[in-house]
Amino acid sequence: MTRRTGTIVGVLGARGRMGTAICAAIEEADGLVLGPALGSSDDRSQLLAGGAEVVVDVTNRAAAIENLPWLASHGIHAVVGTTGFDDEDVAGFDRAFTEAERSCFLVPNFSIGAVLMMRFAAEAAPYFAGVEIIELHHERKTDAPSGTAQLTADRLASARSEPWAPDPTTHETVAGARGGEAAPGIRVHSVRLPGLLAHQEVLFGATGQTLTIRHDSYDRAAFMPGVVRAVRAVSELQPGVTVGLDAVL
Ligand SMILES: NC(=O)c1ccc[n+]([C@@H]2O[C@H](COP(=O)([O-])OP(=O)(O)OC[C@H]3O[C@@H](n4cnc5c(N)ncnc54)[C@H](OP(=O)(O)O)[C@@H]3O)[C@@H](O)[C@H]2O)c1
C-alpha cells in the first residue's frame, strides 16, 4: 500500500454537516492528507500527536473561540468556516496568530458564487441610493445574521463614500420588522426555514429601478473546492487574520 504524502490537515467539527464533507474532500485532494478529525468530545492534543500543520474549524462560535488561540499557540495555521464572530473575537484571533506568526483564514462562505455575489454587489454600491440584504438559511443555523451577510455589508460599506438613503421608519409595531443594521445604513433580514441551505439576495434601489443580485447554494459540495483552495493557500497568507476567500482567488 502506498502512503500518501502532503500537508497534514486536521478538522475540528469533523462529524458535523460541513465537517463530514470537508474530511471527504481533503481525503480526495492531491497534496493534502487528512489528519486527526475531531468532534466535541475529543482531546485537541490529538492534533499535535497527529502532526497537523493546518486545521479546519467548522464548529460554532463558542468552540472556535477556544480552539483558535490554542491552534495559534501550538504553531498551527487555521482555516475557519465557522461563523458568528464579532469584531472583538476577530481582533483576539488576529493578536494570537500575529504573535505566533501563523495565519488564520476566516472564510464565511467557501463557494465561488457567493464570493462573486459580494464582488458584484461592491461594484454596484456607488450607483444606488439604498441597499438591503436578505439572507436565507436552513432551520438548524444558530447564528444570525450569516457571516456572508455581515461580510457583504462590510464590503458594501467600504465600496462607497456617500451615506445610504436614511430609513424612513418612524414606528415599528413588530420589533425587528426592519431587520438589523449590519453596517451604517445597511439592513439585513435573516430567514430560517427547512428546505433551504444557504442563499442571499442583495437588493439595490434608486429612483425608478432596483437591482437584485442573488446567490443560491443547494448542496454542501459547492463549498468544497473553496475549502481545498483555502487549506492549500493558508500558510502563504500573512500572519494574523485574513477574511474572505477572494484573498486567494
Ligand atoms: N464557511 C462556509 O462556507 C460555511 C458553510 C456552511 C456552514 N458554515 C458554518 O460552519 C459551522 C458548522 O456548521 P455545520 O452546519 O457543519 O454545523 P453542525 O452540523 O452542527 O456541526 C458542528 C460540529 O462541531 C462539533 N463541535 C462542537 N464543539 C466542538 C469542539 N470544541 N471541538 C470539535 N468539534 C466541536 C459538533 O459536535 P457535537 O455535535 O458533538 O457537539 C458538531 O459535530 C457553523 O458556524 C456554520 O455557520 C460555514
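Guide: A residue is near a molecule if one of its heavy atoms lies within 4 Å of it. There are 22 residues around the ligand, and Arg-17, Met-18, Ser-40, Thr-83 and Val-107 come nearest. This is a predicted model: local features need pLDDT of at least 70, side-chain atom pairs need 80 or more, and totals for chains, interfaces and linings use all residues. Residues are numbered from 1 along each chain as its sequence is written, and side-chain values use heavy atoms, without hydrogens and water.

By type, the shell holds 8 nonpolar, 10 polar and 4 charged residues. Here Asp, Glu, Lys and Arg count as charged, and Gly counts as polar.

Now the polar contacts, pairs of N or O atoms within 3.5 Å. Ser-40 has a polar side-chain atom 2.5 Å from a ligand oxygen. Met-18 uses its backbone: an N or O atom there lies 2.8 Å from an oxygen of the ligand. In the side chain of Lys-141, an N or O atom is 3.0 Å from a ligand oxygen. On its own, the ligand has 920 Å² of accessible area (Shrake-Rupley method, 1.4 Å probe). The protein covers 73% of that area.

Conventions
A polar contact is a pair of N or O atoms within 3.5 Å; within protein, one must be able to donate a hydrogen and the other to accept it, and residues adjacent in sequence count only if both atoms are side-chain atoms.
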